[in-house]
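Dear colleague,

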Amino acid sequence: MRIGAHVDPADPLEAARERGADAVQFFLTDPQGYKSPKPRDDAAALRESEVDVYIHAPYIVNVASPNNRIRIPSRKLLMAHARAAAELGAKGLIVHGGHVGKDADLAAGFENWRKAFEYAESDGGLPLPILIENTAGGDNACARRFDDLARLWDAVAGFGAGFCLDTCHAFAGGEDLVGVVDRVKAITGRIDLIHANDSKGGFDSGQDRHDNLGNGKIDPELVVAAIRASGAPAVVETPGGVEGQTADITLLRERAGR
Ligand SMILES: [Zn+2]
């Protein structure tokens, strides 16, 4: 079982050592900006490390958007991140499912996802798996409710898309965590990564507010059960720095290892 943490991009391997993490996830650029990633001095060290590397795409990436001034730069930014992440030997690039906004038709969002993968294929192909993550909220989100996720998967499964299940987002998005892995796998056929987070927001609140395990509204045993049932590696995206995340990693190892 591989358990890790979302960490500061400054020195991910040191952050992994401090937390006793088997995996790290980090951003390559400001998550709210459209800047392309720059080469990293620690690229070879990351590639050669025993620590598994995952890269999270910027939050502003929304390839589902009906607005072409968001959608087109999002596609390009996703490709730039995919290439940069592959340079680091990353196992996957995590990107949120996105949304189409208040008055738009979700069908357009799914179609835009299909086009994003087609664009990637026409631009040399994806050098690593794209892991689409479920979201807690968003107006007309593509991957909040699992009935919508099923429609998204009809559009992207043929391109080899992967899936990242965030327990906070599922709970706050209004999906029951009991049996969640089976319900997701019935749709996607795979779970590549678990984001193991507690939720400050209540069930179906739509709030994307992560908390340390056992501190929020989710029974930690349901997070542990999801990791076990999926057999996937897990990354905590929780607050509290080294101390808070080390406690979360320890809890998951102790309980999921049994
Ligand atoms: Zn997440």
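The protein donors, lying 2.1 to 2.2 Å from the zinc ion, are Glu133 (OE), Asp166 (OD), His195 (ND1) and Glu237 (OE), where donors are N, O and S atoms within 2.8 Å of the metal (3.2 Å for Na, K and Ca), and since water is not among the atoms, sites may look incomplete. His195 in strand β7 and Glu237 in the loop between β10 and α9 are 42 residues apart, a pair that links distant parts of the chain.

Please bear in mind that this is a predicted model, in which local features need pLDDT of at least 70 and side-chain atom pairs count only at pLDDT 80 or more, whereas totals for chains, interfaces and linings use all residues. Residues are numbered from 1 along each chain as its sequence is written, and side-chain values use heavy atoms, with hydrogens and water left out.

Five of the five residues of strand β4 (residues 92-96) are buried, so this strand is largely enclosed by the rest of the structure; buried means under 20% relative accessible area (1.4 Å probe, protein chains only), and strands are DSSP runs of E with at least two residues. Strand β4 runs parallel to β5 (residues 130-133), joined to it by four bridges, and two strands pair if DSSP finds at least two bridges between them.

With best regards

Conventions:
Buried means under 20% relative accessible area, exposed over 50%, partly exposed in between (1.4 Å probe, protein chains only).
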